[in-house]
Amino acid sequence: MRAKISYAVTAAVLVVYFVLVGSRGVMLIQSGTVLTVTFGVAVLILPVIGVWFLWKNTQFVRRANALAAQLDAEGGLPRDELRRTPSGRIDRDSADEVFARRKAETEAAPDDWRNWFRLAVAYHDARDTPRARKAMQRAIALHDGRTADV
């Protein structure tokens, strides 16, 4: 729940920022000179890109959470079997062991979104965020009946 609140607060702050930047862009355009209109259009592009990125990221998080809820209801969420350091961080060797198992499971059944979901969690635990995101995108695509390149 804490992560959802943090995400919502961050998204709200970004939306406020986008509105402020957008209003400055409009003010520059209203000035009417060639230079200010050019800068105004350039400034308006930034919030548009930001809103698009925020929207796509929010959709990704919602879909990943829906898969997690479904997998939890099925009893298939990966259990936390990782060793931790005294400070509470995940032991790297432990994460690598779990990752190797998850990768083998996924290679054995590459069309099962559940395996891709668990592989995404293993990538995340191994601190490989880009691959974790790609694996989760693959899980979402398989769940939705689409194909995705990974």
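**Close-up views of a predicted helical model**

**View 1. Arg-102 lies in helix α3**. Helices here are DSSP runs of H or I with at least four residues, numbered from the N terminus. This is a predicted model, in which local features need pLDDT of at least 70, side-chain atom pairs count only at pLDDT 80 or more, and totals for chains, interfaces and linings use all residues. Residues are numbered from 1 along each chain as its sequence is written, and side-chain values use heavy atoms, with hydrogens and water left out. Arg-102 counts as buried because its relative accessibility is 10%; buried means under 20% relative accessible area, exposed over 50%, and partly exposed in between, with a 1.4 Å probe and protein chains only. Setting aside residues up to four places away in sequence, Arg-102 touches Pro-78, Glu-81, Arg-118, Leu-119 and Ala-122. Contact means heavy atoms within 4.5 Å.

**View 2. Helix α4 covers residues 113–125**. Its 13 residues reach 18 Å from the first C-alpha to the last, close to the 18 Å expected at 1.5 Å a residue; the expected span is 1.5 Å times one less than the number of residues. Among the buried residues of α4 are Trp-113, Trp-116, Phe-117, Arg-118 and Leu-119. The buried residues of α4 pack against α2 (34–74), α3 (92–108) and α5 (129–143). At the start of α4, a side-chain oxygen of Asp-112 comes to within 3.0 Å of the backbone nitrogen of Arg-114.

**View 3. The largest nonpolar core has 18 residues**. A nonpolar core is a set of buried Ala, Val, Leu, Ile, Met, Phe, Trp, Tyr and Cys residues joined through side-chain atoms within 4.5 Å. Residues with the most contacts inside this core include Leu-67, Trp-113, Phe-117 and Met-136. Two or more residues come from each of α2, α4 and α5, and α4 gives the most, with seven residues. Leaving aside neighbours within four places in sequence, Trp-113 is in contact with Leu-67, Gln-70, Leu-71, Glu-74, Ala-139, Leu-142 and His-143. A second, separate core of five residues includes Ile-90, Ala-95, Val-98 and Ala-126.

**View 4. Arg-127 sits in the loop between α4 and α5**. Its phi is near 65 degrees, a positive value in a residue other than glycine. Most residues other than glycine have a negative phi. Arg-127 counts as partly exposed because its relative accessibility is 46%.

**View 5. The largest pocket has a volume of about 620 Å³**. On a 1 Å grid over the protein atoms alone, a pocket is an open set of points with protein on both sides within 12 Å along at least five of seven lines, and lining residues have an atom within 4 Å of a point. Grid points are joined across faces, edges and corners, and the volume is the space filled by probe spheres set on the points. The pocket is lined by 20 residues, and Phe-60, Val-61, Ala-64, Asn-65 and Met-136 lie nearest its centre. Elements giving two or more residues to the lining are α1 (2–31), α2, α4 and α5; α2 gives the most, with eight residues.

**View 6. Leu-28 is in helix α1**. Leu-28 is partly exposed, with a relative accessible area of 27%. Not counting residues up to four places away in sequence, Leu-28 touches Thr-36, Val-37, Phe-39, Gly-40 and Val-43. The C-alpha atoms of Leu-28 and Leu-44, which are 16 residues apart along the chain, are separated by 9.8 Å.

Key: Polar contact = N/O pair within 3.5 Å; in protein donor to acceptor, adjacent residues only side chain to side chain. 1 Å grid on protein atoms, 1.4 Å probe; cavity = no way out; pocket = protein on both sides within 12 Å on 5 of 7 lines; lining within 4 Å.
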